[in-house]
Amino acid sequence: MVTLYFGSNKDFYRLILFQLYLCCLGLQDYKTYYISKIWGVFSLILTVCFFDSIHLSGILFSFIASFMYFCKQDWIGSADIGILFVLGLILGFERMFICVFIAIFIGLLFYVCSNKKLIPFITCLCFGAYISILKGFTIWYMFYGILAL
């Protein structure tokens with residue numbers, strides 16, 4: 001049954017590990033608004049050890065986030081840049097685009113519904129990454145089909 005949906009047991013265990021990583025990272029950011037440097041080390045180890053194909057779109061998304069960080073440091077934190085880089089390496093361009101789109105939408109909802117000025121954006125990215133790892137290509141091609149009309 002597992003091989004029917006995920007290809008192999010190895011892919012299934014990767015998905016479970018990645019979801020656990022997203023859950024723990026998102027909860028820490030939501031509770032503390034702080035991500036320690038150990039998460040960066042764990043992120044790179046996770047990327048290198050458990051994912052065979054590394055996508056170069058992580059460089060593109062981290063470059064854009066770095067540009068935003070240097071222009072206006074109140075908008076984005078330095079941990080957001082690192083997490084965008086790692087998620088871009090893992091997800092690829094299409095799913096990462098969907099991830100960021102969903103994260104921005106969830107962040108705007110959080111800002112409107114709460115009275116807080118700070119948004120736990122890594123938590124929003126974790127939700128976006130979770131949705132995009134499961135249904136990212138489906139959403140991408142749905143938007144692509146709508147725009148092609």
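The legends below describe close-up views of a predicted model of one chain.

Local features are reported at pLDDT of at least 70 and side-chain atom pairs only at pLDDT 80 or more, while totals for chains, interfaces and linings use all residues. Residues are numbered from 1 along each chain as its sequence is written, and side-chain values use heavy atoms, with hydrogens and water left out.

**View 1. The chain has seven helices and zero strands.** Helices (H or I, at least four residues) and strands (E, at least two) are DSSP runs, numbered from the N terminus. The order along the sequence is α-α-α-α-α-α-α. Buried residues (under 20% relative accessible area; exposed is over 50% and partly exposed lies in between; 1.4 Å probe, protein chains only) make up 38% of the 149 residues. Contacts are heavy atoms within 4.5 Å; of those between residues at least 6 apart in sequence, 66% join residues at least 24 apart. The chain exposes about 9,600 Å², of which carbon and sulfur atoms supply 72%. Accessible areas come from the Shrake-Rupley method with a 1.4 Å probe, and for residues only the protein chains shown count as cover.

**View 2. Helix H6 covers residues 93–113.** The expected span of a helix is 1.5 Å times one less than its number of residues. For the 21 residues of H6 this gives 30 Å, and the end C-alpha atoms are 30 Å apart, which agrees. Buried positions in H6 are Arg95, Met96, Ile98, Cys99, Val100, Ile102, Ala103, Gly107 and Phe110. The buried residues of H6 pack against helices H2 (9–32), H4 (57–71), H5 (78–91) and H7 (121–148).

**View 3. Helix H5 is mostly covered.** Ten of the 14 residues of H5 are buried, among them Asp80, Ile81, Leu84, Gly88 and Leu91. Gly92 follows H5 and has a positive phi, near 90°.

**View 4. A nonpolar patch lies on the surface.** Patches are made of residues with over 30% relative accessible area and no salt bridge; like charges are joined within 9 Å, and nonpolar side chains (Val, Leu, Ile, Met, Phe, Trp, Tyr) within 5 Å. A salt bridge is a side-chain nitrogen of Lys or Arg within 4 Å of a carboxyl oxygen of Asp or Glu. Leu60, Phe63, Ile64, Met68, Trp75, Phe93 and Phe97 form the patch, with about 730 Å² of accessible area together. H4 and H6 are the elements that give two or more residues to the patch, and H4 gives the most, with four. Leu60 lies in H4 and is partly exposed, at a relative accessible area of 39%.

**View 5. The whole structure contains zero disulfides.** A disulfide is a pair of cysteine sulfur atoms within 2.5 Å. Cys124 is in no disulfide, and the nearest cysteine sulfur, that of Cys126, is 9.1 Å away. The Cys126 sulfur is 8.2 Å from its closest cysteine sulfur, in Cys99, too far for a bond. Cys124 is buried, with a relative accessible area of 3%, and Cys126 is buried as well, with 6%.

**View 6. Tyr33 lies in the loop between H2 and helix H3 (37–50).** Phi of Tyr33 is near 55°, a positive value in a residue other than glycine. Most residues other than glycine have a negative phi. Tyr33 is partly exposed, with a relative accessible area of 31%.
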